[in-house]
Amino acid sequence: MAESNVKVLGTWASPFVMRVKIALHLKSVSYEDVEEDLLAPKSELLLKSNPVYKKIPVFFHAHNPICESLIILQYIDEVWTTSASSILPSDPYERSQSRFWAAYVDDKFFPALRRLLIGATEEDKKAALAEVVEGTVVLEGAFGELSKGKAFFGGDNIGFVDIALGSLLGWIEVIGKQCETKLVSEAKTPRLVQWADCFSAHEAVKDVLPDVDKLADFGLKLRAKILKALAPTN
Amino acid sequence: MEDEVVLLDFWPSSFAMRVKIALGEKGIKYKCKQEDLFNKSTLLLEMNPIHKKIPVLIHNGKPISESLIILQYIDQVWNHKSPLLPSDPYQRSQALFWADYIDKKIYGIGRRVWMGKEDQEEAKEELMQCLKTLERELGDKLYFGGQNIGVVDVALVPFTTWFYSYETCGNFSIEAGCPKLVAWAKRCKENYRSVSEALPHPLQIYEYVMELKKRLGLV
């Protein structure tokens, strides 16, 4: 279904932006893709539409901006209800569990992953790596609980937690290569390994997840930019 | 069938106060169990093994953690009165945005204010910036939720009982910088029993903060 007035301000490399695109693909909603260059100064549009955080993604629907990827996902799920799958379960308890695990990805797992990417010292990286690996084991457990034997956290279909975690798969691979470790390993997290393959191959996902080499190259540039910004000035 | 609702609580916690306000608004009967955060109960560790934190709402034996997730759960299950979230999806997204903003900012910054370490001045500045941003968002409305309190009011008002502690530890006045916000907090307490009953007196919070500072070797 073609929709006018649906716009995504973001960048191909951001997992948070990927979440929004996957959700729109799931709902068969077409949108305008506006690219923000993360290595350049922030655009007028970004500063105006997200004055509080000045971050992407910003989702526009009928000129109304919505920020924060998980909030955007919930909005998309509530507005486009005619399509095949619901992103969040309808049962209140299951809904709360999906929200809990998506929040875990954002509040615990992602920060550890980020620390692993930008870790300046060997010690920082070692500590971050331990946290990330522990996180994958916790998520393996969550997968067991939520999937109930099916292919996705959402069951038969991709859901909220699948999108929240799956959007990180490109970065997980890039950062893993950088550390010469498989962050989602067959040994510790066999179910997640299988899930990752299913998720990446899904119709709504495969064109959104970026090429890993392109992402690795971008990762180096981004890391340099972040470390430069964090460096003490004389 | 009678619903069994249990709240794992810690009386000074702003996050737990949110849940109490919501349960009060909906008229839900519940059992409140005080936790000692320095000596966590088996029940807490079992009900929230990932974060080991309060509040936890246990509804008919099933645990829900994370206060904003609990609020959304309560709003969905007990939808007969006092809606916490707007029904319009866009309005709902905005309410969730601000509730999330409060989560990201107030607790962490407030903590740096009352702890009184080297970053206290910076933290005071940041706190006032955040509260001013929220005050602008409130605008001329009675409440963040409009004519009635909503999720943003419920998310923020508990922290106002900590204002006295922030002000005393930081030697500054929040009312001077944010008079409308302080007026809004008074309005919530005066007009909503669920709020006045859930919030301990600011002096009690201050006493708790001073004890905590002693325990942490900051005083």
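Visitor: What makes Glu35(B) count as buried or exposed?

Guide: Glu35(B) has a relative accessible area of 4%. A residue is called buried under 20% relative accessible area, exposed over 50%, and partly exposed in between (1.4 Å probe, protein chains only). Because 4% is under the cut-off of 20%, Glu35(B) is buried. This is a predicted model, in which local features need pLDDT of at least 70 and side-chain atom pairs count only at pLDDT 80 or more, while totals for chains, interfaces and linings use all residues. Residues are numbered from 1 along each chain as its sequence is written, chains are lettered from A and ligands numbered from 1 in the order in which they are written, and side-chain values use heavy atoms, without hydrogens and water.

Visitor: Why is the pair of Lys33(B) and Glu35(B) called a salt bridge?

Guide: The term requires a side-chain nitrogen of Lys or Arg within 4 Å of a carboxyl oxygen of Asp or Glu. In Lys33(B) and Glu35(B) the closest N and O atoms are 3.4 Å apart, so the pair meets the rule. Lys33(B) itself, at 32% relative accessibility, is partly exposed. Side chains of opposite charge can pair when their charged atoms come close.

Visitor: What makes Lys150(A) and Asp156(A) a salt bridge, and how accessible is Asp156(A)?

Guide: Their N to O distance is 3.3 Å, and therefore the pair passes the same test. Asp156(A) is exposed, with a relative accessible area of 52%, whereas Lys150(A), at 41%, is partly exposed.

Visitor: Why are Glu121(B) and Lys124(B) separated by about one helical turn?

Guide: They are three residues apart in helix H5 (residues 120-138) of chain B, which means a separation of about one helical turn. Helices (H or I, at least four residues) and strands (E, at least two) are DSSP runs, numbered from the N terminus. Glu121(B) and Lys124(B) form a salt bridge, with their closest N and O atoms 3.0 Å apart. Glu121(B) is exposed at 51%, but Lys124(B) is buried at 12%. Salt bridges with shared partners also join Arg112(B), Asp119(B), Glu122(B) and Glu126(B) into one network.

Visitor: How do you know whether Lys26(B) is buried or exposed?

Guide: Its relative accessibility is 2%, under the cut-off, so Lys26(B) is buried. Lys26(B) belongs to helix H1 (residues 14-26) of chain B. Contact means heavy atoms within 4.5 Å; leaving aside neighbours within four places in sequence, Lys26(B) has contacts including Ile74(B), Asp75(B) and Leu84(B). A polar atom of the side chain of Lys26(B) lies 2.9 Å from the backbone oxygen of Trp78(B).

Visitor: How do you know that chain A and chain B touch, and what area is buried between them?

Guide: By the contact rule, 25 residues of chain A are in contact with 25 residues of chain B. Buried area is the accessible area (1.4 Å probe) that two parts lose on being put together, summed over both; here this is about 2,200 Å², with 68% from carbon and sulfur atoms. Tyr53(A), Tyr93(A) and Phe100(A) supply 28% of the area that chain A buries against chain B, more than any other three residues.

Visitor: What makes Lys104(B) and Glu68(A) a salt bridge?

Guide: The closest N and O atoms of Lys104(B) and Glu68(A) are 3.0 Å apart, so they fall within the limit. The elements that give two or more residues to the side of chain A that touches chain B are strand E4 (64-67), helix H3 (69-79) and helix H4 (92-118) of chain A. H4(A) gives the largest share, 11 residues.

Methods
Polar contact = N/O pair within 3.5 Å; in protein donor to acceptor, adjacent residues only side chain to side chain.
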